[in-house]
Amino acid sequence: MRKYLYEYYRISLDDENAIESNSITNQRHLVKSHISTISELADMPTKELVDDGHTGTNFNRPGITQLLDAARRGEVACIVVKDLSRFGRKFLEVSKYLEQLFPYLGIRFIAVGDNYDSDTHKGTTANLDVPVRNMLNALYSKNVSKNVKSAKQTQTQQGKYINAFAPYGFKKDPTDKHRIIIDEPAAAVVRRIFELTCEGKRPKQIADTFNAEGVLTPSSYKKKNGSKLKIMGITNSVWSNSTIVYLLRDERYKGTFIGGKIEAGELGTDKRIYKPKNEWIRIPNSHPAIITQEMWDTAVLKRGTNSGRDGKPNIERMLYKRVRCGYCGHVLRYRTESNHNYYVCKTPGYTNEYGCPSTSYVEHEIVNAVKKVVCSHITIMLDLKKLSETMKNVSTKGISTVHITIEELDGEIKQLKTSKRTLYERYKKGSLDTAEYLKVREATENKITIKTAERETLTAHNNIQTDAVNSANFFFDSFVGLQDGGEPSAEVVNVLVKSVHIFSKHRIEICFSFADKLEKALQSLNQGL
Ligand SMILES: [Zn+2]
């Protein structure tokens, strides 16, 4: 029988956004020029099938039906499409054809735009990774802005200790000047301050106790250890109320990195700007802790304050501290003017190096844009959840890569067992002689053994698939109920959005805090395919 190379083209009304790139002419151009580069395909007789105005979400298309019929008749050597989505948009079904039917029929499949050629992927198990990823990405990127990372921000986010001196209770790591380690004698004093506070002692009482016991103050301790430098805010040789309070407020004792407290003032001046506490950069667990978070919390409660001069709890405002300048990466200043709230970058006041505009962005416009994107993400996650559930069902049913299901195998095994029984009955009746009977019986038993082993392998394979899909499912599950009230709440937005980078009113990039988890879940989904 003569075999053909089939070019398949599809255009549909749901491609409105990409009409031009998906026009039949364009598809044909891409496909033909790709074929011409592959010598074994270039001379092959070619047939062309087109579905005009048909959606890719199902396989009820005249062109595709013809194609699949031809495939089953063994007339197809190779199928070439512009990209997988031309062939179909439901990737469960698409992957069924690509992983099972086509390999089974010996058909080569090429998706030019996805860089997928079943010939070059032969023998690898994860051969659908790339095209499936592309399809997921297409789905995912529909309403999505790309993540950005500002180099500057990344550096600070690493939590490098860049101050010249270690705070009291710590010392610089002799092997890495960007790290601090615990200085035990001083750390013991710090720990005691917190312990006494947790027991309900006031700072004044603690200072008195220390003075009575002759405990060295931080500055005396430093001096004793050879340092000639004063420690900011602590210069006394006797313990005072304020020294204790100063230490009790230092979050570094619980292992949190604190950065961005002071900012350089105008260029050419020594002026420094002390930033409000709620604008500091905090990175938990970035160095060894002297006290536990629990102890810190208890101390805060006992002192009856929120641990700082301006220490209001700062969780309720949507996008709090998350809105950054797209150019310099700094958190935008939040300010209120005649009852309107704005974000503005303060960097242009210091330098033009990053080309930041001094535009003010109206808070509610930014918030609304972010909310929309968050909404569409939640929707996508819920779609993916449905998908992973469907996949769960599929893998439970057990479709193997050799195009056979557990049910089918069970059927075959049952049949073999029946024929073994029939065989015995025939032998009993005398219609078979012993030699013949034993020969056929052995052959049948062998077949049963093989089929049973096949069934076991398939079951094991399905279990792996199910595990992978389950873990993906678990992730997508966490999005259920997040927008039950229609709009996502400030709390939800703050949990999902890591940062928002503003370049202009029309260009906002959102970095999601679940990006890594999503990546893993998508990998699991791929595994489950
Ligand atoms: Zn800026």
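A residue is called buried here if 20 or more other C-beta atoms lie within 10 Å of its own, and exposed if 12 or fewer do. The structure discussed is a predicted model.

Five strands form an open sheet with mixed pairing, in the order 2-1-3-4-5. Strand 2 (46-52) and strand 5 are its edge strands, each of them pairing on one side only. Helix 1 (residues 24-35) packs on this sheet and touches strand 1, strand 2 and strand 3. The direction of helix 1 makes about 155 degrees with that of strand 1. Helix 3 (residues 62-72) also lies across strand 1, strand 2 and strand 3, and runs at about 145 degrees to strand 2.

Strands of a sheet pair through backbone hydrogen bonds, in either the parallel or the antiparallel sense.

| Strands | Sense | Bridges | Residues opposite each other |
| Strand 3 (residues 76-81) and strand 4 | parallel | four | Val 80 and Ile 110 |
| Strand 4 and strand 5 (residues 116-117) | antiparallel | two | Ala 111 and Tyr 116 |

**Strand 4**

Strand 4 (residues 108-111) is covered on both faces. Arg 108 and Ile 110 are buried on one side, while Phe 109 and Ala 111 are buried on the other. In a regular strand, side chains alternate between the two faces of the sheet.

**Helix 8**

Helix 8 (residues 184-198) consists of 15 residues. From its first C-alpha to its last, helix 8 reaches 20 Å, close to the 21 Å expected at 1.5 Å a residue. Its buried residues are Ala 186, Ala 187, Val 190, Ile 193, Phe 194 and Thr 197. Viewed down the helix axis, the buried residues of helix 8 fall within an arc of 115 degrees, and therefore line one face of the helix. An α-helix has 3.6 residues a turn, so residues three or four places apart point the same way. Glu 184 and Pro 185, on the other side of helix 8, are exposed. After helix 8 comes Gly 200, which has a positive phi near 100 degrees.

Notes
Residues are numbered from 1 along each chain as its sequence is written. This is a predicted model: local features need pLDDT of at least 70, side-chain atom pairs count only at pLDDT 80 or more; totals for chains, interfaces and linings use all residues. Two strands pair if DSSP finds at least two bridges between them. Two residues are in contact if their C-beta atoms, placed from the backbone, lie within 7 Å. Axes are lines fitted to C-alpha atoms, for helices over the stretch in contact, and angles run from 0 to 180 degrees between N-to-C directions. The expected span of a helix is 1.5 Å times one less than its number of residues. The arc is that of the directions from the helix axis to the C-beta atoms.
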